[in-house]
Amino acid sequence: MAKNRLMTRRRTVMLGLGLLAGMGFSTVTGGLKQLKSQMLALDVQQRVKQRTFAVAGNAPLRDRATAKKLLYGAAGEYRTLSSDKEFAACFARECAILVPEGELKWKALRPGPDQFDFTKGDWLAEFAQTHNMLFRGHTLVWHEALPKWFADTVNKENAEQMLLKHIKTVAGHYAGKIHSWDVVNEAVFLEDGLPDGLRNSPWLQLLGPNYINMAFRAAAAADPQALLAYNDFGLDYQDQEPKRVAVLKLLERLKSQGAPVQALGIQAHLWGDNSRNFNPKMLKAFLRNVADLGLKVLITELDVSDKNLPSDVSARDRIVAAVYEDYLSAVLEESAVIAVLTWGLSDRYTWFDWADSRKRADGLPVRPLPLDRGLKRKLAWNAIARTLSQTSNR
Ligand code: G3I
């Protein structure tokens, strides 16, 4: 019965492809792309429908992770955690580590060139402490989320002093309270075509490639206890091997320069449709190479886009859950992986709501996270719970 329905939908998609093929090229490319995604989604749907996502017991994710000497947590915001009590309680129940989604970025902390405003960051640090959660820092050096005054104020003459002062003040302010810092975020971007695959960021333009090394040294001096991480996206799929190679080379270079980099943060913003091939073998080989450099690995921003998945909620949730399960069961095989954080906990609050690249064409609300908008556990939650429970002790 279900198979017949799938075949009918497949035929409808094929018919759509045929119709589009008869139309003008420029008008159909977008439609073809969409139909291709739908076909891939149907294939995934077929493959995941046998999975049960059964979970033993009711224990929250934090307990399941802690039992394996792992950490589970999520990104949270002052705006939501301070105003939504039900959500905040849920967050504290499920998470053993909190990372501010935006409150520790330059834009939030630096109202002016000589000013620092720690109000919201401090509130979150205290929230974490009150609820017995660890606290991560995100992020000391990034090309985005810079304050408006940055471009007019920072120049080649004062950039080093500005960078060092920022790191000294911010990492110094939270010293002793931070589990790990994303010291530098997203410094590799092959599309810019620069040597070593480095991103053409304001920091590179102002200070040259040594800004990364400089940032790690400053962070270590300001907070000798925090685990210092380099964090990046685009490291997950088969076709992202060139980026994995570039990031590995960056880490090797940093180590050979004596920079105190201690961990790699893998963002893991994943896709529910199967348009990007997931190759667990390649990913695990990369993780091993990173571990061989003596580095820990954190999955720092995990979520799964349901942008190109069917409208039907149960089909969608099933595919998203399968992506979580496949990804986590692969990465957790690597003992250097010490933490998994999702980028948000509940679909009630997700960056997808203001990112055009993640919105659904049918206008339906997105469902990328472990809990739904009503804070009920979804199959994605089950998938994370299962992989945490099945993984071996660190
Ligand atoms: O709060 C306002 C809201 O009132 C308004 O309705 C809405 C519409 O524009 O904007 C909201 O502000 C947004 C803010 O996030 C809320 O926290 C900003 O527009 C938006 O630019 C900002 O985006 C953040 C983005 O980083 C840039 O700092 C996202 O929340 C945050 O999830 C995202 O996080 C990044 C990581 O730092 C690095 N890795 C990728 C990840 C996702 O893009």
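Guide: Let us start at the ligand, where a polar side-chain atom of Q267 lies 3.0 Å from a nitrogen atom of the ligand; a polar contact here is a pair of N or O atoms within 3.5 Å, and within protein one atom must be able to donate a hydrogen and the other to accept it, while residues adjacent in sequence count only if both atoms are side-chain atoms. This is a predicted model, in which local features need pLDDT of at least 70 and side-chain atom pairs count only at pLDDT 80 or more, whereas totals for chains, interfaces and linings use all residues. Residues are numbered from 1 along each chain as its sequence is written, and side-chain values use heavy atoms, with hydrogens and water left out.

Visitor: Which residues come nearest to the ligand?
Guide: A residue is near a molecule or strand if one of its heavy atoms lies within 4 Å of it. There are 14 residues around the ligand, and those that come nearest are E77, E101, K105, H138 and E301.

Visitor: How far is an oxygen atom of the ligand from an N or O atom in the side chain of K105, and from a polar side-chain atom of W343?
Guide: For W343, a polar side-chain atom lies 2.9 Å from an oxygen atom of the ligand. For K105, the distance from an N or O atom of the side chain to a ligand oxygen atom is 2.7 Å.

Visitor: What kind of peptide bond joins H138 and T139?
Guide: T139 is found in strand β3 (residues 134-141); helices (H or I, at least four residues) and strands (E, at least two) are DSSP runs, numbered from the N terminus. Omega between H138 and T139 is about 5 degrees, and the bond is cis.

Visitor: Is A268 buried or exposed?
Guide: A268 lies in the loop between β6 and β7 (269-271), and has a positive phi of about 60 degrees although it is not a glycine. Buried means under 20% relative accessible area, exposed over 50%, and partly exposed in between (1.4 Å probe, protein chains only). Because its relative accessibility is 1%, A268 counts as buried.

Visitor: Which residues touch the most other members of the largest nonpolar core?
Guide: A nonpolar core is a set of buried Ala, Val, Leu, Ile, Met, Phe, Trp, Tyr and Cys residues joined through side-chain atoms within 4.5 Å. The largest such core has 110 residues, and the members touching the most others are W181 and Y230. Helix α14 (residues 313-331) gives the most to this core, with 9 residues.

Visitor: Which residues of α13 are buried, and why do they line one face of the helix?
Guide: The buried residues of α13 are L283, F286, L287, V290 and A291. Seen down the axis of α13, they fall within an arc of 140 degrees, so they line one face; the arc is that of the directions from the helix axis to the C-beta atoms. The face turned away from the buried side carries the exposed residues K281 and D292. What covers the buried residues includes α12 (241-256), β6 (263-266), β8 (296-305), α14 and β9 (337-342).

Visitor: How many residues of α15 are buried?
Guide: α15 has 12 residues and reaches 16 Å from its first C-alpha to its last, close to the 16 Å expected at 1.5 Å a residue, where the expected span is 1.5 Å times one less than the number of residues. The cover over its buried residues includes α3 (61-66), β1 (71-76), α5 (85-94), α14 and β9. α15 is mostly covered, and the number of its residues that are buried is 9 of 12.

Visitor: Which residue's side chain is joined to that of Q238 by a polar contact of 3.0 Å?
Guide: Q238 lies in the loop between β5 (227-232) and α12, and counts as partly exposed because its relative accessibility is 35%. Not counting residues up to four places away in sequence, Q238 touches R244, N277, N279 and M282, contact meaning heavy atoms within 4.5 Å. The side chain joined to that of Q238 by the 3.0 Å polar contact belongs to N279.
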